[in-house]
Every structure is written in structure tokens, then in C-alpha cells.
Amino acid sequence: MSINETKLGVRPVRAFADNYIWLIEAPANPRKAVVVDPGEAAPVLAELHRNGQSLAAILLTHHHADHIGGVAGLLSEAAVPVFGPDDARIPNLTRKVGEGDAVDLADLQLHFQTLFVPGHTLSHIAFFGHGALSCGDTLFSAGCGRLFEGTAMQMSASLRRLSALPPETRVYAGHEYTAANLKFALQVDAGNRAASDYRDRVSALRASDLPSLPSTIELENRVNPFLRCDDAAIRAAAAAHSGTNLPDPASVFAELRTWKDGFR
Ligand SMILES: [Zn+2]
């Protein structure tokens with residue numbers, strides 16, 4: 001089995017109201033872990049301690065405080081490399097990575113490709129490797145991030161790239177928003193049986209206080225309206241909501257994003 005086929009041990013650390021900080025266990029040494037988007041240091045340190053692990057590296061997808069706020073606290077415990085996008089708003093980076101760059105942690109047998117996925121922010125990146133995608137606030141299960149800085153065109157292109165990853169790719173998103181996202185998905189795409197079945201599974205998981213994540217690209221391609229902008233039912237629903245003709249998937253995406261922003 002090649003390194004990149006090694007299935008990773010990944011587990012969530014909860015932070016704030018609904019963030020997930022993802023801890024990735026190093027295949028080469030289960031006592032070492034890499035953390036993605038540590039918005040807070042204390043729960044990460046507690047989880048590492050509980051498992052007898054030490055931190056080996058930090059990966060950052062974007063500059064928002066709920067994704068980087070714990071970096072300084074973690075570095076004060078251990079000087080580890082910090083990988084993230086080239087953005088002056090992100091302090092403490094030791095290695096700036098962008099499209100086409102690799103994060104190679106050979107001693108840990110970890111290897112990730114960096115994908116540039118602007119939209120939620122202008123410098124947002126994602127990490128892909130070992131069949132796992134760390135996508136921050138770009139792709140959520142059954143939804144996507146808000147357009148704080150980028151355009152609908154940028155976000156729609158970013159999501160199309162993620163949608164084209166291998167279907168079995170596990171999706172580790174930054175927030176537990178799945179139930180609310182599915183409510184919107186079923187408003188837009190009421191006849192989508194995969195989405196209503198998923199809603200029932202998510203509702204059972206959440207009732208037991210279990211994470212709905214990770215999802216998979218295959219599931220997202222079936223249930224996530226933001227990945228299905230060329231679907232006839234979704235195009236029709238978006239056009240009806242906008243009251244205008246929406247000529248292409250990017251304009252369907254833009255309408256869905258605006259609609260969701262005001263959806264309760
Ligand atoms: Zn964010």
C-alpha cells in the first residue's frame with residue numbers, strides 16, 4: 001500500500017459553538033498528530049494529552065480567528081511547523097503554501113496536496129491527501145461557506161474542483177452545520193431522496209451528540225445543492241426564487257448562495 005492510500009486516523013476536537021478542529025494521527029507514529037485549523041489551543045492540548053500524543057505540525061485553511069486563534073498557544077507548548085496560505089492576516093506561518101504545493105511530512109508518512117479554493121476568503125486553501133479533504137469553510141456537508149471576500153464565480157469554481165475529487169474522498173469540514181444545511185437543501189431540492197434519507201441519519205447522529213462529519217464527495221455530489229447547480233430541479237427552483245432566467249451554473253450558484261444567506 002502506498003503512503004497516499006494509508007487511511008488516516010482523524011478525529012474531531014470541538015471548539016466554540018460548532019467548530020471542528022481536526023486531529024490527524026501520523027501513520028508513521030501514532031503518538032504524533034497534526035492539527036487542522038486550531039481556533040482554540042486548550043481543547044487541542046487536552047485531547048493530545050488524553051491520548052498520550054504530541055503535536056507535530058499545524059495546517060491552516062484560512063485566516064478567520066475561529067480557525068487560527070489557537071496557533072500561538074499551541075506554539076508556546078511546542079515549536080512545530082505551521083503551513084497555511086500566503087496572507088498577512090495569518091501570523092506564525094513557517095511555510096506558505098498555495099496551489100500545487102505539497103505539504104510533505106515524510107517522517108510522519110503524511111503527504112497533502114494544497115488546493116487554492118477562494119470564495120469564502122480570497123486566500124482560502126484546502127489540503128487533500130490519503131483520501132481525506134480538509135476544506136475549512138469552503139465546502140460544508142450539504143452546504144458551503146458564505147462569500148465574505150470572494151465572488152460567486154470564484155466559489156463556484158472552487159466547489160467544482162472539490163466536487164471532482166475521487167468520490168470516496170472523506171470530507172472534513174470546519175463546522176457542524178449539516179442539519180441546517182439539509183433544511184435548505186430540501187427546500188431547494190424537495191424531491192431529493194438521498195437528501196431526505198441523509199437528513200434522517202444526521203438527525204439521529206445529532207440527537208446522540210455525534211458529529212455528522214466526515215462526509216464524502218460522493219454523498220455531497222448527491223445531496224449538496226451548491227454542487228448540483230446544473231441539476232434541472234435546482235436550476236428551476238433557483239430561477240423561480242430569483243424571478244429571472246439563470247443561464248449557467250455559476251448564476252444558479254450565486255442565486256442559491258443569496259437565498260441561503262436569508263434562509264431561516
Ligand atoms: Zn471562515
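1. His62 and His120 are both buried, where buried stands for under 20% relative accessible area with a 1.4 Å probe and protein chains only. The model is a predicted one, in which local features need pLDDT of at least 70 and side-chain atom pairs count only at pLDDT 80 or more, while totals for chains, interfaces and linings use all residues. Residues are numbered from 1 along each chain as its sequence is written, and side-chain values use heavy atoms, with hydrogens and water left out.

2. The zinc ion has as its protein donors His62 (NE2), His64 (ND1), His120 (NE2) and Asp137 (OD), at 2.2 to 2.3 Å; donors here are N, O and S atoms within 2.8 Å of the metal (3.2 Å for Na, K and Ca), and sites may look incomplete because water is not among the atoms.

3. Along the chain, the donors of the zinc ion are spaced as H-x1-H-x55-H-x16-D. His62, in the loop between strand 4 (54-59) and helix 2 (65-68), and His120, in the loop between strand 8 (110-116) and strand 9 (125-129), are 58 residues apart and link distant parts of the chain; helices (H or I, at least four residues) and strands (E, at least two) are DSSP runs numbered from the N terminus.

4. The largest cavity is lined by Tyr20, Trp22, Val36, Asp37, His67, Cys135, Gly136, Tyr172 and Gly174, and strand 2 (19-26) and strand 10 (132-136) are the elements that give two or more residues to this lining. A cavity is a set of points on a 1 Å grid over the protein atoms alone where a 1.4 Å probe fits but cannot get out, and lining residues have an atom within 4 Å of a point.

Notes:
Buried < 20%, exposed > 50% of the residue type's maximum accessible area, 1.4 Å probe, protein only. 1 Å grid on protein atoms, 1.4 Å probe; cavity = no way out; pocket = protein on both sides within 12 Å on 5 of 7 lines; lining within 4 Å.
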